[in-house]
Amino acid sequence: MKVIVLGSAAGGGFPQWNCNCENCRRARANDPNAVARTQSSLAVSANGARWCLLNASPDLRQQLERTPALHPQGGVRDSPIASVVLTNADVDHVGGLLSLRESQPFVLYATRRVLDVLARNPVFDVLRRDVVTRVPLDFDGEMVLVGPDGASLGLSVEPFAVPGKVALYLEDPSSGPGFGTDSEDTIGLKVHDRNSDSFFYYVPACARLSEDIAHRIAGAPLVFFDGTT
């Protein structure tokens with residue numbers, strides 16, 4: 001299994017466009033100890049040919065251009081990106097979907113809650129439904145990832161709920177302390193290579209390291225974890 005870290009910064013990237021803190025000033029001055037970073041996203045592949053994106057950050061176009069493995073490989077229109085898995089509906093993780101328009105087929109996975117958010121916002125209709133298949137994720141075991149041709153990518157994901165909250169732009173103050181948060185708003189993933197039995201955990205935007213999550217990821221060979229508040 002091959003994993004590429006496309007970006008590792010929080011929302012807004014580093015340096016953040018409207019931030020003038022010491023760290024951001026150092027990044028703009030090309031300080032080697034304060035290297036600029038794009039917003040968090042991973043690419044994973046079982047064979048190095050067909051890839052799945054884990055979240056699609058607003059920096060996605062830049063990330064793709066600097067990653068040769070994700071460049072078109074043949075034909076006038078082509079992409080090795082066969083699927084995208086979203087872990088929540090934050091702008092940090094869905095904004096890049098708009099860069100994947102141009103009638104390029106792939107399969108989009110997310111919880112029903114997140115898919116409903118996309119369906120209610122007509123801007124995401126640039127991902128034509130007859131081209132981009134939308135598949136809901138459930139908390140009931142592993143799901144084999146497939147490409148737009150229906151063939152397995154050799155990968156599966158096991159989604160699980162993590163402490164988090166509804167995306168900022170969806171907060172409803174009238175819904176109480178949680179602003180209307182649902183268990184499907186923020187998920188983590190166990191990503192499994194079905195050919196080699198290798199796996200890793202991807203847990204972005206986690207508000208708290210609960211006992212359940214700590215137990216789940218204990219002993220894992222690789223964990224990508226991003227805490228948030």
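Reader: Which residues is T87 in contact with, leaving aside its neighbours within four places in sequence?

Author: In this predicted model, T87 is in contact with N55, H93, D185, T186, I187, L189, Y202 and P204. Contact here means heavy atoms within 4.5 Å. T87 itself is found in the loop between β4 (81-85) and α3 (91-94).

Reader: Why is T87 called buried?

Author: Its relative accessible area is 1%. Buried means under 20%. The value of 1% falls under that cut-off, so T87 is buried.

Reader: What makes C19 partly exposed?

Author: C19 has a relative accessible area of 22%. Buried needs a value under 20%, and exposed needs one over 50%. The value for C19 lies in between, so C19 is called partly exposed. C19 sits in the loop between β1 (2-7) and α1 (22-28). Not counting residues up to four places away in sequence, C19 touches C24 and R28.

Reader: How do you know that β4 and β5 pair, and in which sense?

Author: Two strands pair if there are at least two bridges between them. β4 and β5 (residues 106-111) have 3 bridges, so they count as paired. The sense is parallel. Within this pair, S83 stands opposite V107 in β5. Helix α4 (residues 112-120) packs on the sheet and touches β5 and β6. The direction of α4 makes about 115° with that of β5.

Reader: In which order do the 6 strands of the open sheet stand?

Author: The order is β1-β2-β3-β4-β5-β6, and the pairing is mixed.

Reader: Why are β1 and β6 said to stand at the edges?

Author: β1 and β6 (132-137) each have a single partner strand, so one side of each is left without a neighbour in the sheet. Neighbouring strands of this sheet are turned by 20° against each other on average, direction ignored.

Reader: Which strands form the open sheet of 5 strands?

Author: The order is β7-β8-β9-β10-β11. The pairing in this sheet is mixed. Its edge strands are β7 and β11 (223-227), and each pairs on one side only. The twist averages 25° from one strand to the next.

Reader: How do you know that β7 and β8 pair?

Author: Count the bridges. β7 (residues 143-146) and β8 (residues 152-161) share 3 bridges in the antiparallel sense. The cut-off is at least two, so β7 and β8 pass. V144 stands opposite S156 in β8. The two strands form a hairpin with 5 residues between them. In the turn, G150 has a positive phi of about 85°.

Reader: What makes β8 and β9 a pair?

Author: The test asks for at least two bridges. β8 and β9 (residues 187-193) have 7 bridges, so they pair. Their sense is antiparallel. K190 in β9 is the bridge partner of E158.

Reader: How much space lies in the largest pocket, and which residues are closest to its centre?

Author: About 490 Å³ of space lies in the largest pocket. Of the 18 residues that line this pocket, the closest to its centre are L64, D78, S79, S99 and L100. Helix α2 (residues 60-65) gives the largest share of the lining, 3 residues.

Reader: How do the residues of that lining divide into nonpolar, polar and charged?

Author: The lining of the largest pocket has 7 nonpolar, 5 polar and 6 charged residues. Take two of the names above. Leu counts as nonpolar, and Asp as charged.

Terms used
Residues are numbered from 1 along each chain as its sequence is written. This is a predicted model: local features need pLDDT of at least 70, side-chain atom pairs count only at pLDDT 80 or more; totals for chains, interfaces and linings use all residues. Side-chain values use heavy atoms; hydrogens and water are left out. Helices (H or I, at least four residues) and strands (E, at least two) are DSSP runs, numbered from the N terminus. Axes are lines fitted to C-alpha atoms, for helices over the stretch in contact, and angles run from 0 to 180 degrees between N-to-C directions. On a 1 Å grid over the protein atoms alone, a cavity is a set of points where a 1.4 Å probe fits but cannot get out, and a pocket is an open set with protein on both sides within 12 Å along at least five of seven lines; lining residues have an atom within 4 Å of a point. Grid points are joined across faces, edges and corners, and a volume is the space filled by probe spheres set on the points. Buried means under 20% relative accessible area, exposed over 50%, partly exposed in between (1.4 Å probe, protein chains only).
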